[in-house]
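Biologist: I would like to learn how to read a model like this one. Can we go through it feature by feature?

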Amino acid sequence: MGLHIVRQFAIPALFPIVLRLINDGFGAISIQTAVITVVILLALLGLSSAYAVVAWHRFTYRVEAGELRIEQGILNRQRRFIPVERIQTFDTSQGLLQRLLGVVSVRVETAGGGGASPEVSLPGVSQADSERLRQALAAGRAGV
């Protein structure tokens, strides 16, 4: 998430410098302009990384009282409660970077969810946690 924010702001931040280089020639940019640009980009990277870490720490999920409960958000706290009996599929996937980090992405789809995107997507879950979540959901469905 953090790199997405940096990428979103990096191009507009670099655009005036590139235009100046094209118009005035590549020798016309001052050291001061280059340093200010680098400092701004590093500040954006730092802020977006800090935001991503805080958002990751504020994201929780658990199975409780027959529901999958998900809470997320920093300023605006969002809570979603999904009844276990509505859950149709529980899939895990693992890309190259996730394989290197030893984590998986969990996708939970529900009855009546519709659409191409899953009802719940949990990126970066350890394999052990995903298996515990799968077992908790299966136990919750068996108890229903």
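The dialogue below goes from the whole chain to single residues.

Biologist: What should I know before I start?

Modeller: This is a predicted model, where local features need pLDDT of at least 70, side-chain atom pairs count only at pLDDT 80 or more, and totals for chains, interfaces and linings use all residues. Residues are numbered from 1 along each chain as its sequence is written, and side-chain values use heavy atoms, with hydrogens and water left out.

Biologist: How many helices and strands are in the chain?

Modeller: Helices (H or I, at least four residues) and strands (E, at least two) are DSSP runs, numbered from the N terminus. Here the chain has 4 helices and 6 strands. Their order from the N terminus is α-α-β-β-β-β-α-β-β-α.

Biologist: What share of the residues is buried?

Modeller: Buried means under 20% relative accessible area, exposed over 50%, and partly exposed in between (1.4 Å probe, protein chains only). Of the 144 residues in the chain, 22% are buried.

Biologist: Is Glu71 buried or exposed?

Modeller: Glu71 counts as buried because its relative accessibility is 12%. Its place is in strand S2, residues 67-72.

Biologist: Which residues is Glu71 in contact with, beyond its neighbours within four places in sequence?

Modeller: Contact means heavy atoms within 4.5 Å. Leaving those neighbours aside, Glu71 is in contact with Arg58, Phe59, Thr60, Arg62, Arg77, Gln78 and Arg79.

Biologist: With which side chain does Glu71 make a polar contact?

Modeller: A polar contact is a pair of N or O atoms within 3.5 Å; within protein, one must be able to donate a hydrogen and the other to accept it, and residues adjacent in sequence count only if both atoms are side-chain atoms. The side chain of Glu71 makes one with the side chain of Arg62, at 3.4 Å.

Biologist: Where is Ala65 found?

Modeller: Ala65 is in the loop between strand S1 (60-64) and S2. With a relative accessible area of 66%, Ala65 is exposed. Its phi is near 55°, a positive value in a residue other than glycine.

Biologist: What lies over the face of Phe81?

Modeller: A charge sits over a ring if NZ of Lys or CZ of Arg is within 6 Å of the ring centre and within 35 degrees of the ring normal. Arg69 lies over the face of Phe81, at 4.8 Å from the ring centre.

Biologist: And Ser121, how far is it from Thr92 in space?

Modeller: They are 9.7 Å apart, C-alpha to C-alpha, and 29 residues apart in sequence. Ser121 is in strand S6, residues 120-126. At 44% relative accessibility, Ser121 counts as partly exposed.
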